[in-house]
Amino acid sequence: MDTKLADGVAKADVDRWVKSACLLCSNGCGCDIAVKDGRMVGIRGRAEDRVNHGRLGPKGLFASWQGVDNRDRLTVPLVREDGRLVEADWDTAMGRIAERSRALLEEKGPLSHGFYTSGQLFLEEYYALAVLGKAGIGTPHMDGNTRLCTATAAASLKESFGADGQPGSYTDIDECDAIFLYGHNMAETQTVLWARVLDRIAGPDRPRVVCVDPRDTEVARHADVHLPVRPGTNLALMHGLVREVVANGWVDEDYVAGHTQRFGDLLAAVEPWTPEAVAETCGVAAADVRRAAEIFGTSQRVLSTVLQGFYQSWQATASSCQVNNLHLLRGMLGRPGCGLLQMNGQPTAQNNRECGADGDLPGFRNWENPKHVRELAELWGVDELKIPHWASPTHAAQIFRYAEQGSIGFLWISATNPAVSMPELPRMRRILAKPELFLVVQDLYLTETAQYADVVLPAAAWGEKTGTFTNVDRTVHLSDQAVEPPGQARSDLDIFLDYSRRMGFARNDGSPLLDWTGPEDAFRAWQECSRGRPCDYSGMSYAMLRERGGIQWPCNDEHPDGLDRLYTDGTFSTDAAYCETYGHDLTTGATVGPTAYRAMAPAGRALFKTAPYSPPPEEPSDEYPLRYTTGRTAYHFHTRTKTGRAPQLNAAAPGMWIELSAADAQRYGIGEGDIAVVSSARGRITAPVRIGDVREGTVFAPFHFGYWDTGGSPDDHPRAANELTMTEWDAVSKQPIFKTAAVRLEKAAAGSGPAPAPTTTASRPAQPGTVPATIGGAAAEAREEPA
């Protein structure tokens, strides 16, 4: 069991261990929190947990409790007085929120309110927010930062299979004979899961590995085939792989005939994409396209994982649907080793989607299906006309656009930091600073976003509250409260319930809309909401989760122990009365609608869906000759509000950098550590250069770095990766395009040493031995300050 205890604390000193699960990537590793004298003092992996088997990653070991046990924590509410944030009590802060909320509802109605939340709250908190937003206020303007990381996962699953929910399981890693990773640097985004893959790679029955990534990542180094595509060209590559599988007769014709629709449409779309055509567009070798297709077409059990390299790129949903299509062509779903994981980027993103805090209807219900809306109205005791369903839910970029235009005058942001994570940051800062916008921010720290707020609410963190959350492969864990939150901080659930009470939100019979007293009440309410839906929790309980650890949904009378894989019988969630969506045109995003969908009569069959390839909206030019793409590092999470306060992790990646290929560095006369300015049509950043293994013509930047630790604003030293990205999104998932932009590069100054980039990840130097190893371990702990 991987274990980390505070300095000076031995295992024998621990008063008690409290069951939980890690919240610092989407893996959901089972763990125990060490408590001594009322404080969290350590963490250990849980050996019997189905997800991690006792392992923990660097973020879990060094930023779980350390990232929240810090002197910087918000401990009292803050309100804005004469342009400054000053301390206040809860009654004053919540009174201001309720007063402004009531006034806007009376003056402008529910469309004046917007809510933007996270992928890091608990299920119970998302469900509370969804109910008060949809049945209390009646606003469609609700979304989460899951829109930035996981919206395409949900969209692609819905388009192909009729509903969200991962078909595969982590156990497929142990069973497969080939693994395909599409835009998924698993070695840095889910380190424990990658360790499980490495176990297979080092074993006697090594699976073949195919990696699609423009960088020479650790995954690529272990791959049998590495396809370093040009950013923005994923769909062309996927069309080529689909075409090769069909052309070589590797299709399971009986499965396709019995369990799918629209095969002919798919064939027509992919026909032009020969390996040579793919090579020209994507910048990869035609022979490698053939080899990758052969591995998929001839393996008996393939596991596919997909992440941000596809989700945050051009034609995201169409590209991700092609991964689904490959599995459908080969009948590789519902069997051991035949897994499909449209991965999540955040730990509780799945719950946001399930509960409807991202704008969708709770329980994977279809907003275009009147019966589904009626079910929720009866469950919540409100008129169905109160629940917004007259148009598609408002996605995050549109919410901020409405705030920019002034139609949204009340915006509540919880547990996320759009002042760093959203695209086109100069514009985002202008929106957040608008004096007409009443901004509420609920978080652990005074983030870059919180500094713009009218009211700041101190929230309890992981280990300081109780709740459940669900990882990528549908495994639900219970995280019990280990210690009291600092000062006056409250759980997000308590804050939402307080707001609902102050607003007087009620059912038609006059009883409170949310009459819960704690998280277990909220969980029971969610069980009823999920009953009979794909994400059915009705067979679970807090007691069961405490006793057994992680349990996969659906868990109900039919599957009392949960279900390892979905679609084992080849029956999908596409029936018109049951499906979560009627689907979209993947080029335009236009909805298919109930009439056309029913006319197709999918009746439990999966749908082959795609779109014609088109170039990204912003290509290199004479003015901006390079491609720009962003991504993660193993040592930080989101915008570093927790990991940046963990000394070991901060030492491993202490500052912003950019990566260039050796050829581009030579072309621009830039050496390792030299300072460069990267500019797009929207802004600029200044950062040291790492000469690494990114493809030629591409600039890579980690997106984690903002300004909370450098004064709070960019001033003359902009370094946040999203200063350069564009406000453009996928037609279906509405996920912003962070992986494609055009930039130019200039050397600004000579460096005084190597770039502060890790040497143990994909950011390692291209020439081994030219840069000292990443600082960490004892050197980092020597600089650690007490919380």
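1. Start with β19 and strand β20 (residues 551-552), which pair in the antiparallel sense over two bridges. Strands here are DSSP runs of E with at least two residues, helices are runs of H or I with at least four, and both are numbered from the N terminus. Two strands count as paired if DSSP finds at least two bridges between them. The partner of T475 in this pairing is Q552 of β20.

2. Before going on, remember that this is a predicted model: local features need pLDDT of at least 70 and side-chain atom pairs pLDDT 80 or more, while totals for chains, interfaces and linings use all residues. Numbering runs from 1 along each chain as its sequence is written, and side-chain values use heavy atoms, with hydrogens and water left out.

3. On its other pairing, β19 meets strand β18 (residues 467-470), again in the antiparallel sense, over four bridges. Look for T468, whose bridge partner in β19 is L478. The hairpin of β18 and β19 has four residues between the strands, and R474 takes a positive phi near 70° there.

4. Is β19 buried or exposed? Five of the five residues of this strand (residues 475-479) are buried, so β19 is largely enclosed by the rest of the structure. Buried means under 20% relative accessible area, exposed means over 50%, and partly exposed is in between (1.4 Å probe, protein chains only). In a regular strand, side chains alternate between the two faces of the sheet. Here T475, H477 and S479 point one way, V476 and L478 point the other way, and all are buried.

5. P554 sits in the loop between β20 and α25 (594-600).

6. Two loop residues have phi values worth a look. F364 is not a glycine, yet has a positive phi of about 55°; find F364 in the loop between α17 (349-355) and α18 (370-380). D715, also a residue other than glycine, has a positive phi near 45° and lies in the loop between β26 (698-702) and β27 (741-749). F364 is buried, with a relative accessible area of 0%, whereas D715 counts as exposed at 60%.

7. How many disulfides are there? The count is zero, taking a disulfide as a pair of cysteine sulfur atoms within 2.5 Å. For C321, the nearest cysteine sulfur is that of C579, 15 Å away. For C529, the nearest is that of C355, 7.7 Å away. C321 is buried, at 0% relative accessible area, and C529 is buried too, at 0%.

8. A search of the whole structure finds nine cavities of 30 Å³ or more. A cavity is a set of points on a 1 Å grid over the protein atoms alone where a 1.4 Å probe fits but cannot get out, and lining residues have an atom within 4 Å of a point. Grid points are joined across faces, edges and corners, and a volume is the space filled by probe spheres set on the points.

9. The largest cavity has a volume of about 450 Å³. Of its 34 lining residues, Q308, G309, T630, G631 and K739 are the closest to the centre. Elements giving two or more residues to this lining are α4 (146-149), α15 (308-311) and β22 (626-631).

10. The second largest cavity holds about 350 Å³ of space. Its lining has 27 residues, with Q120, A415, D443, L444 and K642 nearest the centre.

Notes. 1 Å grid on protein atoms, 1.4 Å probe; cavity = no way out; pocket = protein on both sides within 12 Å on 5 of 7 lines; lining within 4 Å.
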